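This report goes through selected local features of one structure, strand by strand and ring by ring. The sequence and the model come first.

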Amino acid sequence: MKKSAITALMSSFILITTLLAYPANTKAAGPFIETQKQSTPVYENRTGSLELVGYLNQFQQFPLVKEINPNWFQVKYGNSSGYILKSSANSVLYPNYKNVNVKYKTPKETIITLIDTPVFDNTSGKLVQFATIKENRRYPILYPAGNWYAVDVSGRIGFIYKGNIKLDKGIPVLMYHHLLKSSENTNFRNSSTITPEQFKQQMEYLHQKGYETITTSQLEQYIRGNLNLPGKTVLITFDDGLKTVFLYAYPILKQYNMKAAAFLITSRITNTPSNFNPRNLQTLSKVEMDQMKDVFEFQGHTHLLHSVNSKNKSAVVTQPLSVVRNDLMINKSQVNAKALAYPFGQYNTSIINILKQTGFTSAYTTHNAYVHIGDDPYQISRFGIEPQMTLEKFRTIFE
């Protein structure tokens, strides 16, 4: 037999043998990687810098999403992407694992890991660890199984022990408005005005507990099932864009290296700073906004429609839709907003449709509730922080 014929026959035999070893019903998608290190680190790039989020065990194989550059492999990790150094893994054509996830997609229920949590493959009838999820990670689960939860790690179903995690009650979004010292507050005692001392106590608590502040964009991606977030996560928001946010909240947030979002009534933004008078309300200036941009992102709160009528109905829900649409377009364009806070928490289906049409991708209510994967991004809940909220009550939001 000629050499070329022998080569062709051997190639066919190898291909058939490989297909038999890896049945078609597993639906493997494309190339794979095999980890080479004892504990191969998995990183995320959510904040623009690499963050260690877990490990993959040695000689374990996983679907490859793509090669990023000469240095990195990208794999699926939770609801986002994980990155593995190419020096830690090799490319392989076909995997040898059986725990392929072909059924469970886009999980919405999540847990939070209390410690570095092993993930086990159970297809052989005994538990074999193939991955680890780092402590303080918010991770989607597929289903409960006795004392275990099933999770998807890079396309493979694994099991984590319930004793290593806690159920996730959701992400808290905090809503603030006005800050005044007790000695300054003569006209706003029956409003949502809190003292700078209260605010500092609350931020100090979050800092000491290790909470990370996120952006509106990150929360929206999380809701849509496109981003992983740490277990200790909070979004801080301020409505109306008042001057006291610059005077009192901004330096405290900066002290603790925290971020926040300010929802602005753009018709009230001034070019230069106003003189501070605690008896009245002053709004932010463009100068102050520029100074705050290392801490604050700026989003929408309407342009001219932040008002109520005699029946306490917001102008957003009483004005003609054409007026509302034009107002929101102006509001959006002036601060390049993607998110909106509904004035007085009032909205309806028509307003949500206008937001979608005008390019807003999320909106915030005044409903007191936690945020979860799969929530409506145009009805995001927030916890209103009022002056009567003690530190003990504030803590219950997070404990």
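## Tyrosine 139 and its surroundings

Leaving out residues up to four places away in sequence, tyrosine 139 touches Tyr77, Gly78, Glu109, Thr110, Ile111, Ile133, Val151, Asp152 and Val153; contact means heavy atoms within 4.5 Å. The model is a predicted one, in which local features need pLDDT of at least 70 and side-chain atom pairs count only at pLDDT 80 or more, while totals for chains, interfaces and linings use all residues. Residues are numbered from 1 along each chain as its sequence is written, and side-chain values use heavy atoms, with hydrogens and water left out.

Tyrosine 139 belongs to strand β12. Helices (H or I, at least four residues) and strands (E, at least two) are DSSP runs, numbered from the N terminus. Its relative accessibility is 1%, so tyrosine 139 counts as buried; buried means under 20% relative accessible area, exposed over 50%, and partly exposed in between, with a 1.4 Å probe and protein chains only. Between the C-alpha atoms of tyrosine 139 and glutamine 208 there are 23 Å, and the two residues are 69 residues apart along the chain.

## The sheet β12-β9-β16

Strand β12 is part of an open sheet of three strands, ordered β12-β9-β16 with antiparallel pairing. Its edge strands, each pairing on one side only, are β12 (138-140) and β16 (165-167). From one strand to the next the twist averages 35°, where axes are lines fitted to C-alpha atoms (for helices over the stretch in contact) and angles run from 0 to 180 degrees between N-to-C directions.

Antiparallel strands β9 and β12 are joined by three bridges; two strands pair if DSSP finds at least two bridges between them. Opposite threonine 110 stands proline 140 of β12. Proline 140 is also one of the residues in contact with asparagine 79, once neighbours within four places in sequence are left aside. Asparagine 79 lies in the loop between β6 (72-77) and β7 (80-85) and is buried, with a relative accessible area of 7%.

## The sheet β4-β1-β8

Another open sheet has three strands in the order β4-β1-β8, with antiparallel pairing. Here β4 (61-63) and β8 are the edge strands, each pairing on one side only. Neighbouring strands are turned against each other by 30° on average, direction ignored. Strand β1 (residues 32-35) runs antiparallel to β8, joined to it by four bridges, and glutamate 34 stands opposite asparagine 90 in β8.

Strand β10 (residues 117-121) is largely enclosed by the rest of the structure, because four of its five residues are buried. Five bridges pair β10 with strand β11 (residues 128-133) in the antiparallel sense, and proline 118 faces threonine 132 in β11 as its opposite residue. Six residues lie between the two strands of this hairpin, in which glycine 125 takes a positive phi near 95°.

## Helix α2

Helix α2 (residues 196-208) has 13 residues and reaches 18 Å from its first C-alpha to its last, close to the 18 Å expected at 1.5 Å a residue; the expected span is 1.5 Å times one less than the number of residues. Its buried residues are Pro196, Gln198, Phe199, Gln202, Met203, Tyr205 and Leu206. Their cover includes β17 (173-176), β19 (233-240), α4 (243-255) and α9 (391-396). After α2 comes glycine 210, with a positive phi near 85°.

## Aromatic rings

Rings of Phe, Tyr and Trp (its six-membered ring) pair if their centres lie within 6.5 Å, and planes under 30 degrees apart count as stacked, over 60 as edge-to-face and the rest as tilted. The count by this rule is 21 aromatic pairs. Tyrosine 104 and tyrosine 143 have ring centres 5.0 Å apart and planes at 40°, so the pair is tilted. This pair links distant parts of the chain, 39 residues apart: tyrosine 104 is in the loop between β8 (89-92) and β9 (110-113), and tyrosine 143 is in strand β13 (residues 143-145). Tyrosine 104 is partly exposed at 28% relative accessible area, and tyrosine 143 is partly exposed at 24%.

Ring pairs also link Phe199 with Tyr176, Phe238 and Phe296 into a cluster. The charged end of arginine 156 sits over two rings: that of phenylalanine 62, 5.2 Å from its centre, and that of phenylalanine 130, 4.3 Å from its centre. A charge sits over a ring if NZ of Lys or CZ of Arg is within 6 Å of the ring centre and within 35 degrees of the ring normal.
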